[in-house]
Amino acid sequence: MVRRAAVLGKGALAAHACDTIAALTGTVLDTVIPNAVEPDWDMRLSDYVTERWPATRVLRSGD
């Protein structure tokens, strides 16, 4: 059985959560939702996810 996971957040901490979830056996990083406009001074979560896991959905609005 495959478990699907989603991450809601922004920046480096959310990127770390994505890495951790993706490393779990039997778990798929299904969806990532940046919860606010991503500031220029912090890691852009949407870009990071798109580069590392192209099949993962990134929903642009976390409102």
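I started at threonine 56, which sits in the loop between helix 2 (45-52) and strand 3 (57-58). Helices (H or I, at least four residues) and strands (E, at least two) are DSSP runs here, numbered from the N terminus. A note to myself: this is a predicted model, where local features need pLDDT of at least 70, side-chain atom pairs count only at pLDDT 80 or more, and totals for chains, interfaces and linings use all residues. Residues are numbered from 1 along each chain as its sequence is written, and side-chain values use heavy atoms, with hydrogens and water left out.

Is threonine 56 buried or exposed? I found it buried, because its relative accessibility is 11%; buried means under 20% relative accessible area, exposed over 50%, and partly exposed in between (1.4 Å probe, protein chains only). Leaving aside residues up to four places away in sequence, I listed Leu29, Asp30, Thr31, Val32 and Val49 as what threonine 56 touches (contact means heavy atoms within 4.5 Å).

Next I looked at the strands, which pair if DSSP finds at least two bridges between them. Strand 1 (residues 3-9) and strand 2 (residues 27-34) run parallel and are joined by 7 bridges. The chain gets from strand 1 to strand 2 through helix 1 (residues 11-23), in a right-handed β-α-β crossover; right-handed means that, with the strands pointing away from the viewer, the path from the first strand over the helix to the second runs clockwise.

Within strand 2, I noted isoleucine 33 as the bridge partner of leucine 8, and valine 32 opposite valine 7. Valine 32 also stands opposite valine 58 in strand 3. Strands 2 and 3 run parallel too, with 2 bridges joining them. Strand 2 is largely enclosed by the rest of the structure, because 6 of its 8 residues are buried.

Last, I searched the whole structure for aromatic pairs and got 1. Tyrosine 48 and tryptophan 53 pair edge-to-face, at 5.9 Å centre to centre with 75° between the planes. Rings of Phe, Tyr and Trp (its six-membered ring) pair if their centres lie within 6.5 Å; planes under 30 degrees apart count as stacked, over 60 as edge-to-face and the rest as tilted. Tyrosine 48 is buried at 17%, and tryptophan 53 is buried at 17%.
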